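Here's a quick walk through this model, with a few loops and helices to look at. Have the sequence and the 3D view open side by side.

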Amino acid sequence: MAEHVENSDPKGESLMEKIADKFHGDDSSSSSESDTETKKPAVKSEVEPEPETLKNKVWRLFGREKPVHKVFGGGKPADVFLWRNKKISATVLGGATAIWVLFELLEYHLLTLICHILIITLAVLFLWSNATTFINKKPPHIPEVHLPEGPILQVASALRIEVNRALDLLREIASGRELKKFLAVIAGLWILSIVGSWCNFLTLFYISFVLLHTVPVLYEKYEDKVDPLAEKAMHEIKKQYAVFDEKVLSKIPRGPLKDKKKD
């Protein structure tokens with residue numbers, strides 16, 4: 001009887017060990033699952049900062065989304081306008097100033113200036129070429145100058161596109177479709193006529209040229225201060241325009257093409 005009890009004890013112990021191993025296995029699997037669950041939020045925390053990069057867009061003048069350099073094309077003209085190369089920009093502005101002084105202040109005529117430049121250039125080259133035969137030196141090398149066809153065609157094509165756009169805009173305004181554009185163009189032409197009565201075309205072109213070489217570079221330097229002020233001004237203009245539209249413009253009858261477009 002005692003032997004039977006002793007023989008039954010190892011079976012009971014082996015059974016208890018299996019049960020204990022089973023519980024330990026379940027605990028280990030549950031602990032591994034809990035570990036994986038605790039690890040998953042860590043992965044999410046690494047991916048979650050993406051929404052922080054989506055910030056509110058800063059209001060820029062004229063609704064632009066590109067830098068000022070990209071607005072001007074991002075090439076050599078943009079470098080000149082924004083004074084990336086100060087020597088070239090100063091040379092271009094100085095040349096324009098010299099031309100304005102010649103034609104406006106000294107009252108030089110374009111045809112006279114071209115003829116005088118050609119006379120001096122041809123006389124110097126002719127005398128120099130003949131003088132080299134007496135002093136035993138090589139004659140001056142006069143390079144051959146040819147106008148390239150590609151850039152001229154590109155400029156002509158770009159000019160044609162802009163002219164066609166302007167003509168389409170004028171046609172659209174004249175047909176009575178856009179009252180806002182009509183008023184804007186009339187106001188712009190009226191202001192331009194007043195400025196034209198103050199100065200001639202050359203002076204107006206020179207002033208525009210100087211502004212093109214000064215205003216963009218100053219705006220690029222102080223755009224963080226200019227944009228908030230411009231935003232407030234635009235909000236005020238829109239508010240006043242809404243009042244004007246409600247009291248005046250909405251009561252003006254529209255053209256027939258506008259009604260057809262709405263239908």
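E107 sits in the loop between α5 and α6 (110–135); helices here are DSSP runs of H or I with at least four residues, strands are runs of E with at least two, and both are numbered from the N terminus. E107 isn't a glycine, yet its phi is positive, about 55°. Most residues other than glycine have a negative phi. E107 counts as exposed, at 61% relative accessibility (buried is under 20% relative accessible area, exposed over 50%, partly exposed in between, with a 1.4 Å probe and protein chains only).

W83 is another non-glycine with a positive phi, about 60°. Look for W83 in the loop between α4 (76–81) and α5 (86–105). With a relative accessible area of 26%, W83 is partly exposed.

## What the model is

This is a predicted model: local features need pLDDT of at least 70, side-chain atom pairs count only at pLDDT 80 or more, and totals for chains, interfaces and linings use all residues. Residues are numbered from 1 along each chain as its sequence is written, and side-chain values use heavy atoms, with hydrogens and water left out.

## Annotated spans

The unreviewed UniProt entry marks residues 88–103, 109–128 and 182–209 as "transmembrane region"; positions follow the numbering used here, feature names are shortened, and annotations may be inferred rather than shown by experiment.

Residues 88–103 are 100% helix and 0% strand, with end C-alpha atoms 23 Å apart. For residues 182–209 it's 93% helix and 0% strand, and the end C-alpha atoms are 27 Å apart.
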